[in-house]
Amino acid sequence: MGVTVDVHEVFKYPFEQVVASFLRKYPNPMDKNVISVKIVEEKKDVSTGIIYRKRIAVCQNVVPEILRKERNMAIRSHCLTWTQYASMKEESVFRESIENPNWTEFIQKGRISITGAGFLNCVLETFASTFLRQGAQKGIRIMEMLLKEQCGAPLAE
């Protein structure tokens, strides 16, 4: 079966500042679940100019692993641990806001499927969706705080 969690946020800051803060977001003392992040591979597609980065995260929850850089940044990640019991995938997109080109829109979709627990799979997936939703909101609060520290007050409309 599986559950899906969608998150949509508009940061009232320019794209470059939001993406830079996102890439520096972890590790930080406000979220102890992410212990370290290391870039293990980086390559650039010369035909498109897209930069791909493969990152390994040591964490107690999921953080992005693949990075595409443009004025539209898409990130896909999946959990490598406990795959015999659950699969967890996340897709995040940062792009210029249609409302204001100096703002950045963030869209995130996550999916978790639990296996091996029989009739409890649905119960565990419901619990996991709550945990994922709370984690996404926590990540947004961290981003807002980091952006405020780096850039000051949000940009006006």
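**Reading the labels**

Tutor: Gladly! Phe 11 and Phe 106 are both buried. Keep in mind that this is a predicted model.

Student: How many aromatic pairs are there?

Tutor: The count comes to 3 aromatic pairs. One of them joins Phe 11 and Phe 106.

Student: Why is the pair of Phe 11 and Phe 106 called tilted?

Tutor: Their ring centres are 6.3 Å apart, with 45 degrees between the planes. Rings pair if their centres lie within 6.5 Å, and stacked needs under 30 degrees while edge-to-face needs over 60, so 45 degrees counts as tilted.

Student: What does the pair tie together?

Tutor: Phe 11 lies in strand S1 (residues 3-11) and Phe 106 in strand S7 (residues 104-114), so parts 95 residues apart in sequence are tied together. Ring pairs also link Phe 11, Phe 22, Phe 94 and Phe 106 into a cluster.

Student: Why does Ala 128 count as buried?

Tutor: Its relative accessibility is 10%, and buried means under 20%, so Ala 128 qualifies. Ala 128 sits in helix H2 (residues 121-151). Ala 128 and Val 3 are 125 residues apart in sequence, with their C-alpha atoms 8.4 Å apart in space.

Student: What makes Cys 122 partly exposed?

Tutor: Cys 122 has a relative accessible area of 38%.

Notes: Residues numbered from 1 in each chain as written. Predicted model: local features only at pLDDT ≥ 70, side-chain atom pairs only at ≥ 80, totals over all residues. Heavy atoms only, no water. Helix = DSSP H or I, 4+ residues; strand = E, 2+ residues; numbered from the N terminus. Buried < 20%, exposed > 50% of the residue type's maximum accessible area, 1.4 Å probe, protein only. Phe/Tyr/Trp six-rings, centres within 6.5 Å; stacked < 30°, edge-to-face > 60°.
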